[in-house]
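This briefing covers the nonpolar cores, a pair of strands and a pair of helices. Please have the structure open while reading.

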Amino acid sequence: MNPHREGVAFYLDVDGRAVHAVLHEATGHARETAVLIVAPFGWEDVSSYRSRRSMAIDLADHGYATLRFDLPGTGDSDGTADDPELVAEWIRTISVAAAELRSVSACTTVAAMGFDIGGLLACAASAAGAAIEELVLWAVPGRGRAIVRELNAFAQLLASRGADEPALPDGTLSVNGYVMTPATAASVNALDVRTNARPHVRRALVLGRDDLPADDAVRAALHDGGAVVDVRAGPGYGELMAPPQESAPPAPLMAAVRDWLGARTVSQVVAHPSLTTAATVHAADGTDVRERVLTLAVPGAELSAVLAEPVGASQPLCAVLLNAGAVRRTGPSRVWVDTARRWAAAGVPTVRVDLAGIGDSTGSVAYPLADLELYEGDFGAQVTGVLDDLVALALPSRFVLGGLCSGAYWSFEIGQSDPRVGAVVMLNPKALVMDPFVEAVRTMRLMRNRSQPRFWRRLVRGDVPVAGIKSGAAFAARAALAAPEHLRAARRARSLGIDELDRGFDRLAQNGVDAVLVFSAQESLRLELDADGRLQELGRRPNLDLQLLEGSVETHTLQPPHVQQQVGSILDAALARFLSEPRSGARPP
């Protein structure tokens, strides 16, 4: 068994740009073919990440060395969405990644497996001379125009939800928090397998998707370029691109892909390659930041993390940013990547980490992953273990913990008990106290309001996934008899001055922990606390900075660009405050 099958993170140098990549070495008899996985764009990249990692591990288990990577300006790679000539950089990166995969494996054939825009970019890279002999294209249109048209339709739908939201520059697309500039959209729009140079590959497997057959223009272009083309249905694409917690790897289709790739093995054995695990990247203002990949050992798992460090002197503070639900360590809309690099540029080493079973970390993985599972189990012990490992790496022993959604919950929990935590940052927590009934109660309340326009707006936007309604309604039905008594008991406890939320904030205050709590508009917990009159009580706590974002937008993951900018300013102001009021982290006896 090869322990590297689960992935070794490193950096590719693409014309001076640091590109984050993960190599999965083949287990057992290595095949002649190695697989290069090219991701889709934006939210589909985030949604399918866990499942694409599972697909890479599956390929490695069957002997196919596999390489995954983040295109420049996405994921953990250097760059931003505003960079010029991004599409040309993406195509060049695919070529470099293909060459790297060939050099670190014994393969004689590189097969690029692309999803949506990733597949179209792989075709363009092949046409530009990339050393790619085979293509596996899933849900790939023949023209970039189709991708831009679809993104534009979603962008208009999302923009229509809030008439008072500031308009974006003409031609700029913002879909679920991921921005595509007019220049990038124009370059994507120009991609066309029919009119551009034909891809030069020997073979191609072209897959449709659940609701659409494969694009015949893709088949025709590959055939005209001399490839032997196999066209098949692509069941499972909808599950693959479901929200991060619901995404599931397509096991039957992967078996068909492995069969198509072939089983020829190589005769030589290649030693584990030497990979670059640190690189210089840039904060949004252009400041150099040093990043390195870390593997942190905690009981039952090895956690994948990225440490952003200042090039110059460091402050006596270390920040740790936790997963937002099942979203990998980059955070939705790369919020943690941007924050980590800004904070590192300000002198604060900042770690963004995947907890077990999320992103690139090992550990048990459920498909789909229920909301409740993110608030249970060993996650708290893992966070404590992360702090232990960082101290052992000689990083500052005074910490800021930050998180969105479930990450906010665990920041709140560990901040109450670990003496090394001097501050916590909590963005849009769905809950701050573990309550197995909370989703049942909210689901029942939501279903009661399904005749109201707000319910249907949320459903269309994907804020209320159909699978979540079904599972939540089923759980609500089972919990219906117990929930009323549970709520009555909670009210009685609060009337007697016994409330775990108040106690939690009391413990933070007693332990000298500063806290920042940010709610965007229409957040469930914000509305519930406001209805009970408790939001004002929290706002009066001297160690708590409560920030309530206003507007008509309901956005749990901070999707609109102006909301991301507003939250970034709040986080930076909080960091400046933490640095100006140093605490020892010691607790009173």
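The model is predicted.

**Nonpolar cores**
- The largest nonpolar core has 87 residues, and those touching the most other members are Leu303, Val320, Val353, Leu390, Met426, Leu427 and Phe505.
- Helix α20 (residues 561-580) supplies the largest share of this core, with seven residues.
- Another core, of 62 residues, lies apart from the largest one and includes Leu36, Val87, Ala97 and Ala112.
- In soluble globular proteins, nonpolar side chains tend to be buried together.

**Strands β16 and β17**
- Strand β16 (residues 399-404) pairs with β17 in the parallel sense, over six bridges.
- Within this pairing, phenylalanine 399 stands opposite valine 421 of β17.
- Strand β17 (residues 421-427) is largely enclosed by the rest of the structure, because seven of its seven residues are buried.

**Helices α3 and α4**
- The axes of helix α3 (residues 86-104) and helix α4 (residues 117-127) come within 9 Å and cross at roughly 70°.
- Angles of 65 to 115 degrees count as roughly perpendicular, so α3 is roughly perpendicular to α4.
- On the α3 side the contact is made by Val87, Trp90, Ile91 and Ile94, and on the α4 side by Ile117, Leu121, Ala122, Ala124 and Ala125.
- Sorted by class, this contact has nine nonpolar residues, no polar residues and no charged residues.

Note on methods. Residues numbered from 1 in each chain as written. Predicted model: local features only at pLDDT ≥ 70, side-chain atom pairs only at ≥ 80, totals over all residues. Heavy atoms only, no water. Axes fitted to C-alpha atoms, helices over the stretch in contact; angles between N-to-C directions. Helix = DSSP H or I, 4+ residues; strand = E, 2+ residues; numbered from the N terminus. Parallel < 35°, antiparallel > 145°, perpendicular 65-115°, else oblique. Contact = heavy atoms within 4.5 Å. Nonpolar A, V, L, I, M, F, W, Y, C, P; charged D, E, K, R; others polar. Core = buried A, V, L, I, M, F, W, Y, C linked by side-chain atoms within 4.5 Å. Buried < 20%, exposed > 50% of the residue type's maximum accessible area, 1.4 Å probe, protein only. Pairing = 2+ DSSP bridges.
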